[in-house]
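Me: I have a structure open here and would like to talk it through with you. Could we go step by step?

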Amino acid sequence: MTEPSNDRKSVTIVDYGMGNLRSVQKAFERLGLHAEITDRPEHVLSAERLVVPGVGAFEDAIHELERRGLIKPILRFIESGRPFLGICLGLQLLFEKSYENGVHKGLGILRGDVVRFELSSEYSIPHMGWNQVRQECPTPVMQGIPDESFFYFVHSYYVVPTDPEVIAGTTEYGFRFCSMIRQDNVFATQFHPEKSQSLGLKLLQNFGDLPS
């Protein structure tokens with residue numbers, strides 16, 4: 001495997017068998033970053049910047065992370081203070097528990113739950129397509145991105161943080177829900193930056209520019 005050059009910024013993308021890993025990798029590579037996809041715990045621990053993307057069921061994702069020995073390395077990485085980005089399911093996994101097909105324990109980085117949309121019949125589930133993100137507080141990965149910009153969503157569950165201070169962005173879909181969080185070095189989005197054209201690439205570029 002080709003190692004990144006000393007002057008080339010690096011991103012490590014966690015592979016737990018779920019999600020659109022290659023599209024996330026291609027988005028970072030388009031920005032000139034070295035982007036490695038790995039399921040090796042030692043690579044997670046040594047990463048400069050770590051990304052956990054994902055599409056699929058919460059229970060399956062936690063099971064695969066545990067089976068591959070990736071939970072402790074992810075937690076240790078976050079504790080180190082280096083930049084972390086969760087995308088879609090990668091946001092939901094950060095919370096204490098999910099109510100998707102039962103009750104399942106998450107990583108517990110953030111206090112709160114993952115719950116299903118309960119909406120009137122005029123709203124389709126999953127919430128799919130372009131929608132606006134209102135920036136609730138200044139966030140480094142949103143630098144240079146106008147407030148109320150559109151990003152691409154596809155999800156049936158959303159996060160309910162216990163601490164409102166971690167909510168960095170919200171979106172309206174029948175009601176206003178949390179669509180982005182920030183806590184110290186941890187950033188995560190319910191939307192898909194890698195599918196959100198130029199503004200999504202700007203968010204990924206901002207993440208890549210964070211000091212590791």
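**A hairpin, a helix and their surroundings**

Reply: Strand 5 and strand 6 form a hairpin with 5 residues between them, and in the turn Asn 101 has a positive phi of about 55°. Helices (H or I, at least four residues) and strands (E, at least two) are DSSP runs, numbered from the N terminus. This is a predicted model, where local features need pLDDT of at least 70, side-chain atom pairs count only at pLDDT 80 or more, and totals for chains, interfaces and linings use all residues. Residues are numbered from 1 along each chain as its sequence is written, and side-chain values use heavy atoms, with hydrogens and water left out.

Me: Do strands 5 and 6 run parallel or antiparallel?

Reply: They run antiparallel, joined by 2 bridges, and Lys 97 stands opposite Lys 105 in strand 6. Two strands pair if DSSP finds at least two bridges between them.

Me: And which residue is the bridge partner of Phe 95 in strand 7?

Reply: That is Leu 110; strand 5 (residues 95-98) and strand 7 (residues 110-116) pair in the parallel sense over 3 bridges.

Me: Switching topic, which residues of helix 3 are buried?

Reply: In helix 3 (residues 58-67), Phe 58, Ala 61, Ile 62, Glu 64 and Leu 65 are buried (under 20% relative accessible area, with exposed over 50% and partly exposed in between, for a 1.4 Å probe and protein chains only). They cover an arc of only 165° around the axis, which puts them on the same side of helix 3; the arc is that of the directions from the helix axis to the C-beta atoms.

Me: What sits on the face turned away?

Reply: The exposed residues Glu 66 and Arg 67 are carried there.
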